[in-house]
Amino acid sequence: MLKFKKTKYISLDHTENKPRIAKSQDVIPSGAWVKCQSCGEAVFHEAVEENLQCCPKCGAPFRLTVEQRIEMTLDEGSFVEWDGELETRNVLSFPDYEQKITAMKEKTGLREGVVTGEGTIQGIKTAIAVMDSHFMMGSMGQVVGEKITRALERATKEELPIVIFTTSGGARMQEGMVSLMQMAKTSAAVEKHSKAGLLYITVLTDPTTGGVTASFAMLGDIILAEPGALIGFAGQRVIEQTIGQKLPEGFQRAEFLLEKGFVDRIVNREDLKEELGKILSYHQR
């Protein structure tokens, strides 16, 4: 929780929904405001934190870190990480790739763009994988694919359901074919988990695109999504240029995909843990 000491800042008049005029001695602390990408309003960072990282104006969810997602989803103190030691290698000797990975590690505190492990959701033991868009836009490379595959294989071996939170800009171009092969590898692991009669839930968050969408993200037995999440393979402009047609309003958003049957349900963030708990309880062995 952010705390501002001895600092005055502009407050909102909620009755008229207008900002109070700042006086000469007022100072806005750095980082006090954030802009909602959905409604365009500037809102207090503190108000967003208190609202489960959702816009207090329109309710649109902001993107979460792995730590925030785990804290909101799993029972307190129940998470145990798997394969946390895995790190990416520059297998194609792509220029400056090592420096980019190092910078991402320092910025996010993560070793890669996904964290896997196990924990409990309302008392039910569950495997979990959480992707983080703050690490190279959640792009899927060798380690992301390997960790998700290992999580699925371990969940199969230990007869656990698995929940995967997806967010990704697609395959990681610095790894070329090594990245693309993760699509087949993760999908094969999903198939083995399914044949064992185990439950697989995906939660699609903003954005879920590219090779992740074309593989494990859309293979869930039950597919949930957060409101307004961008979900698709190629970008809207690329598709429009290819087919020479204008696409419908809201194309590739969670609500559109729900209407077309690609998503089972859209769940607000404050209801997500309870929703997952109910689904898991229905499918307990």
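A pocket, on a 1 Å grid over the protein atoms alone, is an open set of points where a 1.4 Å probe fits, with protein on both sides within 12 Å along at least five of seven lines; its lining residues have an atom within 4 Å of a point. Its volume is the space filled by probe spheres set on the points, which are joined across faces, edges and corners.

What you have open is a predicted model, where local features need pLDDT of at least 70, side-chain atom pairs count only at pLDDT 80 or more, and totals for chains, interfaces and linings use all residues. Residues are numbered from 1 along each chain as its sequence is written, and side-chain values use heavy atoms, with hydrogens and water left out.

**Stop 1: the largest pocket.** Select Ala60, Pro61, Phe62, Arg63 and Asp206: of the 32 lining residues, these are the closest to the centre of the largest pocket. The volume here is about 670 Å³. Now color α2 (66-73), β7 (124-131), β8 and β9, the elements that give two or more residues to this lining; helices (H or I, at least four residues) and strands (E, at least two) are DSSP runs, numbered from the N terminus. The largest share, three residues, comes from β8.

**Stop 2: helix α5.** Select 176-195, a helix of 20 residues that reaches 30 Å from first C-alpha to last, close to the 28 Å expected at 1.5 Å a residue (that is, 1.5 Å times one less than the number of residues). Show side chains for Ser179, Gln182, Thr186, Ala189, Val190 and His193, which are buried (under 20% relative accessible area, 1.4 Å probe, protein chains only). Their cover includes α4 (142-157), β8 (162-168) and β9 (200-208). Just past the helix, click on Gly197, which has a positive phi of about 75°.

**Stop 3: strand β6.** Select 114-121: seven of the eight residues of β6 are buried, so the strand is largely enclosed by the rest of the structure. On one side, β5 (80-82) pairs with β6 in the antiparallel sense over three bridges (pairing takes at least two DSSP bridges). Look for Glu81, whose bridge partner in β6 is Gly117. β7 also runs antiparallel to β6, joined by eight bridges, and Val114 stands opposite Met131 in β7. Finish at the hairpin of β6 and β7, with two residues between the strands, where Gln122 takes a positive phi near 50°.

Note on methods: Buried means under 20% relative accessible area, exposed over 50%, partly exposed in between (1.4 Å probe, protein chains only). Contact means heavy atoms within 4.5 Å.
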